[in-house]
Amino acid sequence: MIRHTLLALAVLSAPAAAAIPAVGDPAPAVDAVDTAGKARTLAELNGPKGTVLMFFRSAAWCPYCKAQLIDMNSNAAAAIKARGYALVGLSYDSPDVLAKFAAERKVGWTLLSDPQSKVIDRWQLRDPAYAPDSRAYGVPTPAIFVIDRRGRITARLMEADYKKRPQVQAVLAAIPK
């Protein structure tokens, strides 16, 4: 009986597995490099009211990511900025890949490179479907987080299927006016 009680106590006291940050959680640290290769943090990129942080797979080869980036650039970036938030995208792509995409599509907001997926892992977003020998190894599950000026997550938008992305209207609805 004592052995069963100790086992039950050990199970109850075991640390919980890390989870994707939820609404109300403090945002994990973001430290990555921008398209110019400059080290950046979320704190320095914040708008007056906070940040809309978009994790995406790749601006080089993912057609769903490209479509989402183009849509956010054309239909959301200005509205997000007008509400006092900075729009920031983060991928495992190299700074050169992101710079090329930004130049071609006239992206006027920050794209961050996390080639070792350290930030992606810190946010518990690495897609487990890919082996280390896959070109997609290290990609995040696509997600958008609204983070207030104090560093708290106020909204999290994700879809189970990486081919589906939150619509611009849903993103804008999640950002306080």
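From the N terminus on, the elements of the predicted chain follow the order α-β-β-α-β-α-α-β-α-β-α-β-β-α, giving seven helices and seven strands. Helices (H or I, at least four residues) and strands (E, at least two) are DSSP runs, numbered from the N terminus. Residues are numbered from 1 along each chain as its sequence is written.

The C-alpha trace spans about 70 × 40 × 30 Å along its principal axes. Of the 177 residues, 43% are buried (under 20% relative accessible area, with exposed meaning over 50% and partly exposed in between; 1.4 Å probe, protein chains only). Among contacts (heavy atoms within 4.5 Å) between residues at least 6 apart in sequence, 66% join residues at least 24 apart.

Helix α3 (residues 63–75) comprises 13 residues and reaches 18 Å from its first C-alpha to its last, close to the 18 Å expected at 1.5 Å a residue (1.5 Å times one less than the number of residues). Its buried residues are Cys65, Gln68, Leu69, Met72 and Asn73. These residues lie on the same side of α3 because they cover an arc of only 130° around the axis, the arc being that of the directions from the helix axis to the C-beta atoms. Exposed residues Pro63 and Ser74 are carried on the face of α3 turned away from its buried side.

Note on methods. Predicted model: local features only at pLDDT ≥ 70, side-chain atom pairs only at ≥ 80, totals over all residues. Heavy atoms only, no water.
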